[in-house]
Amino acid sequence: MKIQGRTGAGAGRSAVPAGPSVGDRLPTPPRERKPALAALAVLLILVGALGATMLVLQAGDRIEVVKVENEIQAGESVTDKDVTSVMVAEDAGINYVLWDQLDTLKTMKAKTTIYADTVVQGQMFAVKSSLPAGKATVGLALKEGQYPADIKPGDIVTAYRVGGAGSSSNDSDDTGAGAGGSSSGALVDDARVNAVADDSDSTVSTGSKTLTVLVDQADAAALASAAAAGEVAIVHVPGN
């Protein structure tokens, strides 16, 4: 009886183990973690944030400095109309002239020609005028008609003796090459205009101008002598 009962209890059961049901996924191995890549990503984020912070800080660290608007010739000083102020990033390696130092800058002289749109640096100026070797500056008081109407600093001009005895054929004997004059008949062939000023007050315009010109030292005496006699006229040199 017991044997039959056991046989009956096991009847109909399959001896083959049941397989997995349709649709079940096979187990996958666990993902391998890469801590080095994660650390690199975090580092890149930190570097980017630091760079952005530095740019913001530098953009806010700006100073007001002097910039030239009108060309300044060698040996001349700046005036209010020659300069303006601009904001630049502070740089310890650049000797900027601060805007609040403008009054001091006006007492100094340009070492060389300083062109428009130049941000001024301290080494461009000196306490005393520094003329090129072998050069001299001469002042000319000219009446209307003795100078081109569009004369301006930086122009290259030729100076001639006009009027009086200086216009005679013997003028070359007084101011010729032996006295430092030009062999072409001109007192100076290529003088550079350093400064131009109107000789007029607020109510009356005389049309006169005072010019400062840069010439060779050998030509300075003859030009100054003719200028003192009011016998100088200047013309533009081609190529200005």
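Are Glu-231 and Arg-161 buried or exposed? Both residues are buried, and they are joined by a salt bridge that is described below together with its surroundings.

## Overview of the model

The structure is a predicted model. Its mean pLDDT is 78, and 70% of the residues reach 70 or more. In the stretch of residues 165-183, the pLDDT falls below 50; this stretch has 22 contacts in the model beyond near neighbours in sequence.

The protein contains five helices and nine strands. Along the sequence these elements follow the pattern α-α-β-β-α-β-β-β-β-α-β-β-α-β. The protein has 240 residues, of which 28% count as buried. Its accessible surface comes to about 15900 Å², and carbon and sulfur atoms provide 56% of that area. Among contacts with a separation of 6 or more, 70% are between residues 24 or more positions apart.

## Salt bridges

Five salt bridges are found in a search of the whole structure. One of them joins Glu-231 to Arg-161, with the closest N and O atoms 2.9 Å apart. Glu-231 lies in the loop between helix 5 and strand 9 (232-236), whereas Arg-161 belongs to strand 6 (residues 156-161), so the pair ties together parts that are 70 residues apart in sequence. Both partners are buried.

Another salt bridge links Lys-106 and Asp-80, whose closest N and O atoms are 2.4 Å apart. Lys-106 is in the loop between helix 3 (102-105) and strand 3 (109-110), and Asp-80 is in the loop between strand 1 (62-68) and strand 2 (83-89); the pair therefore ties together parts that are 26 residues apart in sequence. Lys-106 counts as partly exposed because its relative accessibility is 25%, while Asp-80 is exposed, with a relative accessible area of 52%. A further salt bridge is formed by Asp-155 and Lys-152, with 3.1 Å between the closest N and O atoms. Asp-155 is buried, its relative accessible area being 3%, whereas Lys-152 counts as partly exposed at 46% relative accessibility.

## Helix 5 and the residue that follows

Helix 5 covers residues 217-228.

The buried residues of helix 5 are Asp-219, Ala-220, Ala-222, Leu-223, Ala-226 and Ala-227. An α-helix has 3.6 residues a turn, so residues three or four places apart point the same way. After helix 5 comes Gly-230, which has a positive phi near 70°.

## A nonpolar surface patch

Which residues form a nonpolar patch on the surface? The patch consists of Leu-37, Leu-40, Leu-43, Leu-44 and Val-47, which together have about 490 Å² of accessible area. Leu-43 is located in helix 2 (residues 35-60).

## Loops and contacts across the sequence

Pro-153 is placed in the loop between strand 5 (135-142) and strand 6. Its relative accessibility of 33% makes Pro-153 count as partly exposed. Leaving aside residues up to four places away in sequence, Pro-153 touches Glu-71, Gln-73, Val-193, Asn-194, Ala-195 and Val-196. The C-alpha atoms of Pro-153 and Ala-195 are separated by 5.1 Å, although the two residues are 42 residues apart along the chain.

Lys-109 is part of strand 3 and counts as partly exposed, at 28% relative accessibility. Its C-alpha atom is separated by 5.1 Å from that of Glu-76, a residue 33 residues apart from Lys-109 along the chain.

## Backbone of Asp-117

Asp-117 lies in the loop between strand 3 and strand 4 (125-126). At 61% relative accessibility, Asp-117 counts as exposed. Most residues other than glycine have a negative phi. Asp-117, which is not a glycine, has a positive phi of about 70°.

Technical notes
Residues are numbered from 1 along each chain as its sequence is written. This is a predicted model: local features need pLDDT of at least 70, side-chain atom pairs count only at pLDDT 80 or more; totals for chains, interfaces and linings use all residues. Side-chain values use heavy atoms; hydrogens and water are left out. Patches are made of residues with over 30% relative accessible area and no salt bridge: like charges are joined within 9 Å, nonpolar side chains (Val, Leu, Ile, Met, Phe, Trp, Tyr) within 5 Å. Accessible areas come from the Shrake-Rupley method with a 1.4 Å probe; for residues, only the protein chains shown count as cover. A salt bridge is a side-chain nitrogen of Lys or Arg within 4 Å of a carboxyl oxygen of Asp or Glu. Helices (H or I, at least four residues) and strands (E, at least two) are DSSP runs, numbered from the N terminus. pLDDT is the predictor's confidence in each residue, from 0 to 100. Contact means heavy atoms within 4.5 Å. The expected span of a helix is 1.5 Å times one less than its number of residues. Buried means under 20% relative accessible area, exposed over 50%, partly exposed in between (1.4 Å probe, protein chains only).
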